Amino acid sequence: MNSTREYILNSISRNMPATKTEYPVIPDFPKNSKDILEEFKENLLLGAGAYYDVKDKEEALKLIKELYPEAKIICSASPDIKGNKDLRKINDPHDLADVDVGIIRAQFGVAETGMVWLTENELILNALGFLSQHLIILLKKDQLVKDMYEAYKKVDIASSHYGCFMLGPSATADIGAVMVRGAQGARTLTVFFM
């Protein structure tokens, strides 16, 4: 007797079309004249994110203290800025529940949407991107793509088991249209261009 799995796979094999249909070709869409960095910044702000141009690590640390003066636990997944909670020593994602500020370097940003691409490689523990009260995303200005078509060409699915596009802090609105930020995740998301 075959298992349910074998039954389903055999049924699929028997009922496959006789001719193979090629995937559609995605055209290169014309680019608008808007500056890619300015477009990213505009769309990040629309998603309730913020950004700062930061020249070095010292300026970044000073800015973190200014933006989050009450922050006690800072956890960084990036070697660019060191936190006071060592992410590499954490085995249980629940141990990130007390993180005030999480710091992550993004692979790239998407100007069309203001989103950044993060994978398990950058996050180290995926929960850092969702349990931190405030997120700081480190991003190089030259690591921007124009739109989602370019983004999908840049994403390397085979290099990690998990990845996500992230934009701004989490938010929800009830029937009365009252917006609540940080309902199921970070309350703020700030990009440091450095």
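**Sheets, ring pairs and salt bridges in a predicted model**

Phe40 is buried, at 0% relative accessibility (buried means under 20% relative accessible area, exposed over 50%, and partly exposed in between, with a 1.4 Å probe and protein chains only). The model is predicted, so local features need pLDDT of at least 70 and side-chain atom pairs count only at pLDDT 80 or more, while totals for chains, interfaces and linings use all residues. Residues are numbered from 1 along each chain as its sequence is written, and side-chain values use heavy atoms, with hydrogens and water left out.

A search of the whole structure gives 6 aromatic pairs (rings of Phe, Tyr and Trp, the last by its six-membered ring, pair if their centres lie within 6.5 Å; planes under 30 degrees apart are stacked, over 60 edge-to-face, and the rest tilted). One of them is the edge-to-face pair of Phe40 and Phe193, with 6.0 Å from centre to centre and 75 degrees between the planes. This pair links distant parts of the chain, since Phe40 lies in helix H2 (residues 36-46) and Phe193 in strand E11, 153 residues apart (helices, H or I of at least four residues, and strands, E of at least two, are DSSP runs numbered from the N terminus). Phe193 is buried, at 3% relative accessibility. The rings of Tyr52 and Phe192 are also edge-to-face, because their centres are 6.2 Å apart and their planes stand at 85 degrees. Tyr52 is in strand E1 and Phe192 in strand E11, so this pair ties together parts that are 140 residues apart in sequence. Phe192 is buried, at 0%, whereas Tyr52 is partly exposed, at 31%. Ring pairs also join Phe108, Trp117, Tyr152 and Phe165 into a cluster.

Five strands, in the order E1-E11-E6-E3-E2, make up an open sheet of 5 strands with parallel pairing (two strands pair if DSSP finds at least two bridges between them). Its edge strands, E1 (50-53) and E2 (74-76), each pair on one side only. The twist averages 20 degrees from one strand to the next (axes are lines fitted to C-alpha atoms, for helices over the stretch in contact, and angles run from 0 to 180 degrees between N-to-C directions). E1 and strand E11 (residues 188-193) run parallel and are joined by 4 bridges; Thr190 in E11 is the bridge partner of Ala50. Helix H3 (residues 57-67) packs on this sheet, touching E1, E2, E3 (101-105), E6 (134-139) and E11, and its direction makes about 160 degrees with that of E11 (contact means heavy atoms within 4.5 Å).

A further open sheet has 4 strands in the order E7-E4-E5-E8, with mixed pairing. Its edge strands are E7 (144-145) and E8 (163-166). E8 pairs with strand E5 (residues 115-119) in the antiparallel sense over 4 bridges, and Gly163 in E8 is the bridge partner of Thr119.

The whole structure contains 7 salt bridges (a side-chain nitrogen of Lys or Arg within 4 Å of a carboxyl oxygen of Asp or Glu). Within helix H2, Glu38 and Lys41 lie 3 residues apart, about one turn of the helix, and their side chains meet in a salt bridge of 3.9 Å, N to O. Glu38 is partly exposed, at 36%, whereas Lys41 is buried, at 8%. Glu38, Lys41, Asp53 and Lys141 are linked in a network of salt bridges. In the salt bridge of Glu39 with Lys146, the closest N and O atoms are 2.1 Å apart.
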